[in-house]
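Hi,

Here is the structure I said I would pass on. Have a look at it first, and my notes follow below.

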Amino acid sequence: MTTKAQTEAARAVPSDSGEPRYEVFELPEHTVEIVSDSGEGAQKCGQILGAVTAKMGNGVWTVEIIPAEIEPPPRSPAGGSGNRVRIGSEPVTNWGDETQLMVAFNEQVLMGRHRLNALADDATILLENIWADHPDETIRAAWQEAQSELEKTNYRIIEVPMQEQCLTVVEDPRRGKNMFVLGMLAWIYDRDLDLCRDQIAHAFRKKSEEIYKRNVELLELGYGWAEENLDFRIHIPAQPTTDPMVVMNGNEAVALGAIAAGMELAAMYPITPATSASHELGDVFEKFGGVVHQAEDEIAAAGVAIGASYAGKVAYTITSGPGLALKTEFLGLAVMIEMPLVVVDVQRGGPATGLPTKVEQSDLLAAIFGQPGDAPHVVMAPATIEECFHVMVTARRIAETFRTVVIVLSDANLATGVQPFRRPELDPAWVAAPPDLSPVPEGLKPYDWDAKTGLSRRFVPGQPGGMYTVTGLAHDESSRVAYSSAVHQRSSTMRSRKIAVLQSTLNPPEVYGDDSGELLVVGWGSTRGAIEEAVDRLRAEGMSVSSLHLSFLSPLEPGIKEIFSRFEKVMTVEINYSDDPDAPYINEENRRRGQLAWLLRAQTLYDVDCWTRVLGEPLRPRAIANAIRQRIETVEGDIA
Amino acid sequence: MTIPVNSLLQCALDDERVFERSDYEGPVPRWCAGCGDHSVLAATQRLLADEQFQPETTVFVSGIGCSSRFPHYLKTYGFHGLHGRALPVATGIKLHRPDLDVFVVMGDGDCTSIGAGHWVHATRYNMDMVALMLDNNIYGLTKNQTSPTTPQGYPSNTQPRGSWLPALNPVEATLGITNASFVAQTAEWIPPHLFATIKAAYHHDGFAFVRILQRCPKYTAPLFEEGLKNPDSIELLVHEDGVMVDGLENVYKNQVRHDPGDIHAARRLAEEDGRTRLGVFFRDESRPRYEETRHLQAITAEEKVTRLSEELDLHAV
Ligand SMILES: Cc1ncc(C[n+]2csc(CCOP(=O)(O)OP(=O)(O)O)c2C)c(N)n1
Ligand code: SF4
Ligand SMILES: [Mg+2]
C-alpha cells in the first residue's frame with residue numbers, strides 16, 4: 001500500500017540512470033477528463049477526484065459529460081459518459097478551455113471528444129490498450145481507423161493496460177476500471193490517498209464493506225501502476241483556506257437552499273437536468289418536515305405548489321424548458337391571484353426536447369414574457385453554485401413579500417457543475433414562518449392594495465374573518481369578479497407596480513473591471529466565471545473591456561442605462577441562439593439577437609450587440625475572448 | 001407538515017359559534033333560472049350548516065365553467081382556478097394542510113376532458129376530500145359545445161349533427177381506477193338524495209367522487225326530461241353503507257340493494273344499460289390515503305437549521 005509519505009519520498013528517487021523517473025510540472029491550473037462507455041463509472045471517478053481536490057484546497061469546477069441515453073451502445077463516439085475536472089490553485093469559476101489530460105476507456109469515446117474539439121491540441125491521453133488486439137475483427141478495424149485519424153493530431157497518447165491490471169483484482173473490469181483510473185490520477189495530481197479512501201467510502205456508502213475494500217484496492221493498484229510507469233506529474237499548488245467550505249453541484253445547492261428557505265413542498269415531474277435536485281431533496285426532505293411530490297405532470301406540479309402556497313407556506317416547483325411551457329397557464333394564475341410561488345427552471349437546449357442534458361440559456365424571454373396576458377413577475381438567475389443555494393432563500397422572500405411568482409433560471413452547467421464554496425451561515429430567519437392564522441382585522445380586503453406600492457396582505461385558509469374566493473378572473477380588492485373595465489386597469493397597475501417597487505430595493509450591479517471604457521460585456525446566469533476570465537485575459541493584453549453580470553432579469557437591476565453610457569459599445573455574451581450579423585439575408589432589422597440583448601435593447605434603447613453560441617456546452621473563456629477581440633477591433637475600426 | 005393552529009383561539013371560537021345556513025351564503029348566484037347548479041349549492045349550504053363546518057377551515061376549489069363559479073357563492077374560503085385544474089390545487093392544499101376540509105367542484109368538461117389526467121391521479125391519491133362533478137352533459141359556460149359525457153347523437157354547436165361518439169361514463173371510469181375508494185351518483189333534482197349523497201361523501205375517509213346529474217335548461221333540457229318526468233327510469237341503489245333516504249321509495253319504486261363493498265357488482269351496475277342508477281356504487285375506507293403516508297411533523301426553524309447544518313457537514317470540504 002502506498003501512503004502519502006511514500007509518495008513524497010518518491011519525488012526524490014532517481015531512476016537507475018540517475019535522471020528523475022518523472023518530470024513534475026508546476027502549473028496554476030489543469031483540466032482533466034475521464035470518459036468511458038455509460039455504466040463504466042467514469043462519472044464517479046471524476047466526482048471523487050473533484051471532491052478530494054476541493055478538500056485539498058484547490059479550486060475545482062467539475063462538469064459531467066452525459067450522453068442523452070441511459071446505456072447507449074458501447075464504444076460509440078456519442079455515447080461517452082464521464083466527468084471533466086478543472087483544477088486550479090485559485091478558485092475556479094468555470095469549466096475553462098480545452099481539456100489537457102484525458103483518460104479514455106476506449107478509442108471511440110476519445111474520438112467523440114476529439115471531434116467535439118474538446119481536447120487541447122497538445123493534450124495527453126491515457127488510453128485503454130485492449131482494443132488493438134481485440135478478438136473481434138470489427139473492433140480491431142475501428143481501432144485502426146481511429147489510429148489513422150489520431151496520427152494527424154499532436155496528442156500524446158499513452159496506452160494503459162487498464163483491463164489487464166484490473167483483472168488482477170476483479171472479475172469484471174467494467175466494474176473496476178474507474179477506481180484504477182482514480183488511482184492513476186491521484187498519483188499524477190498528488191492527491192491525498194486517505195482523502196480518496198474517505199471519499200470512496202462516502203460514494204459507496206450504500207454498498208457493502210466488501211465493495212469499498214475492492215475499490216480501495218483498485219485505487220491503490222492504479223496509483224502504484226502510475227508511479228511505476230508514468231513520466232509526468234502535475235503539481236497545482238493548493239491554498240488551503242481556513243473558511244469552512246462545502247462542495248456540491250448546483251442542483252444539490254438548490255435543494256438545500258429550498259430547505260434553508262423553510263420550504264416544505266417541492267412539486268415536480270421528472271425532467272433532465274432538473275430532476276437530480278429532487279433526488280437530493282427526496283433523500284433528506286422528510287427530516288425537515290418536507291415532501292417531494294412527484295405529480296402526474298408539470299401542470300399538476302405547478303397546481304400542487306400553488307395549492308400549498310395558498311394553504312399557507314410558499315412551495316416550489318422545479319422543471320426544465322418543456323415543463324416550464326406546460327406550467328405557463330398556472331404561472332399566469334399565480335400572478336393574477338398574487339399567490340407566492342417559486343419556480344426553478346434548470347435550462348437545457350431547446351426548443352422541444354432539444355438537448356436534454358446540455359446547457360443553454362434560451363428560456364429567458366419565455367420566462368419573462370411567456371405567460372399570455374400581462375403577467376408581471378420576477379425572474380432571477382444564479383451565476384454560481386453558491387448562488388444556487390442562496391437564490392432560493394431570496395426567491396422565497398421576494399415571492400412572499402411581493403405576493404408574486406419568482407422564476408429562478410439555473411441551467412445544466414450549474415446543475416451538474418461541482419464547485420466548493422463558502423459554507424452558508426444558516427439563519428433561522430431565512431426559514432419561512434408558519435402562517436399567521438389569527439383573525440383577519442375587520443374591514444381588511446383580500447387585495448387591500450396599497451395605492452402607491454400595490455402591496456397587500458395575504459389571507460390564509462384558517463384565518464377567521466378572511467373567507468374569500470381567489471379567482472383567475474379579473475377582480476377587485478375584495479376578489480369579486482370584475483364586471484367593469486376600470487377594475488382591470490387598476491388591478492393590472494397594482495400587480496405591475498410591485499415589480500417596480502422590488503426594483504427600487506435592488507442595488508445597481510457592479511462593473512467588473514474599469515467603470516468606463518471601450519466595451520462592456522453583459523452576461524447573466526452561469527456564464528459569469530467564463531466571461532470574467534475572458535475579461536481578465538483581455539485586460540492583461542491591455543484591452544479596455546469590462547463586464548457586467550445581471551442577477552435579476554425581471555425587473556432589471558437599477559442603473560443599467562447609466563453604466564452603459566460610460567462605454568463605447570455594449571454587447572451580451574450568452575448561450576442561446578442569435579443570427580450572425582454577416583450571414584446571408586441577415587440585416588439590422590431582421591437579425592434575431594441573444595435574448596438578453598433583445599431585452600436590454602428594448603429597456604435601454606442602447607444598440608446592444610451580442611455574441612452567442614448554442615454548442616450544447618458551456619462557453620469557453622478563450623472563445624469569449626476571441627469574440628470580444630473581434631468586436632474591439634470593429635469598435636476601433638469605427639473610430640478610425 | 002401540519003401548521004400549528006392556535007388551539008386556544010380555535011376552542012374559543014368553537015364554543016361560541018353556531019352557524020345558520022345563511023352564514024355560508026355568499027352573493028346571489030348568477031346561474032340561469034332553473035339551472036341545476038342552484039340545487040347543488042342549496043344542498044351544500046344545508047350540509048355545511050348541518051355539520052357546523054367552520055367557514056374559515058373549509059375550502060371549495062373549482063375549475064372553470066358555469067359550475068365552477070360555485071365557491072363564489074359560499075362564505076368559506078374558495079379557489080376558483082383554471083379550467084380542468086381544480087384537483088392539483090386541492091391536492092396541494094390538502095398535502096400541506098390536512099386540517100382543512102376540502103371540496104372540489106368541477107364540470108363534466110373540467111373533470112373528464114381537459115382535467116382527465118388529474119381525475120385519474122386524484123382518484124388514485126385518494127386524499128380525504130369531496131369531489132363533486134356537476135354533469136350537465138355539455139359545455140355550458142362556453143355556450144353549448146359537446147362534452148365527453150354528451151350522449152351520442154345529441155347536437156351541439158360544435159357537433160351540430162349530433163355527438164359522434166358514445167358518451168364517456170364517468171362512474172364506470174372512476175371505478176376502473178386503482179385505489180378508488182368512494183364512487184357515487186346522484187341527481188340534483190332529487191334534493192333529499194343529493195343531500196344524503198354529498199353527506200355520505202363528506203363522511204367518507206378518502207377521495208369521494210360524486211357525479212351529479214345536473215340540468216342545464218339552456219342547452220341540454222331534453223336530456224333530463226325523462227329522468228324528471230318518469231321516476232321509473234331511475235333506479236336507486238340502497239344500502240346501510242350507502243345512501244338510504246326515507247320516503248323516496250314512494251316515488252322511486254325501482255330500488256336495488258347494493259353493497260358498496262362489492263366492486264364487481266358496482267362495475268356491473270355502472271355499465272350503460274339505459275337505466276339511470278343513483279346511490280353509492282363503491283366505498284372502501286381501507287384504501288391508502290396519500291396525505292396520510294406523506295404526513296410529517298412540523299419542525300421549528302431552529303431545528304431545521306441544526307439539521308441542515310448536519311446535512312452541510314456531508315458536503316464539507
Ligand atoms: C385552458 C382553457 N381552455 C378552454 C377554456 C374555455 N372554457 C371555459 S369553461 C369550458 C367548458 C365548461 O364546461 P364544463 O366543464 O362542463 O362546465 P359547465 O360550464 O358545463 O358547468 C371551456 C372549454 C378555458 N377557460 N381554459
Ligand atoms: S348555461 Fe346551463 S349550466 Fe350554465 S348556468 Fe345556464 S343552465 Fe346552468
Ligand atoms: Mg358541463
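**Rings and the ligand site**

The charged end of B:Arg46 lies over the ring of B:Phe195, 3.5 Å from its centre (a charge sits over a ring if NZ of Lys or CZ of Arg is within 6 Å of the ring centre and within 35 degrees of the ring normal). B:Arg30 does likewise across to chain A: its charged end sits over the ring of A:Tyr483, 4.1 Å from the centre.

Before going on: this is a predicted model, where local features need pLDDT of at least 70 and side-chain atom pairs count only at pLDDT 80 or more, while totals for chains, interfaces and linings use all residues. Residues are numbered from 1 along each chain as its sequence is written, chains are lettered from A and ligands numbered from 1 in the order written, and side-chain values use heavy atoms, leaving out hydrogens and water.

Now ligand 1. It has 17 residues around it, the closest being B:Cys66, B:Ser67, B:Asp108, B:Gly109 and B:Asp110 (near means a heavy atom within 4 Å). Residues of chains A and B both surround ligand 1, so the site is shared between chains.

Backbone N or O atoms also reach oxygen atoms of ligand 1: one of B:Gly109 at 2.9 Å and one of B:Asp110 at 2.8 Å. The protein covers 78% of the 580 Å² of accessible area that ligand 1 has on its own (Shrake-Rupley method, 1.4 Å probe).

Cheers

Notes. Polar contact = N/O pair within 3.5 Å; in protein donor to acceptor, adjacent residues only side chain to side chain.
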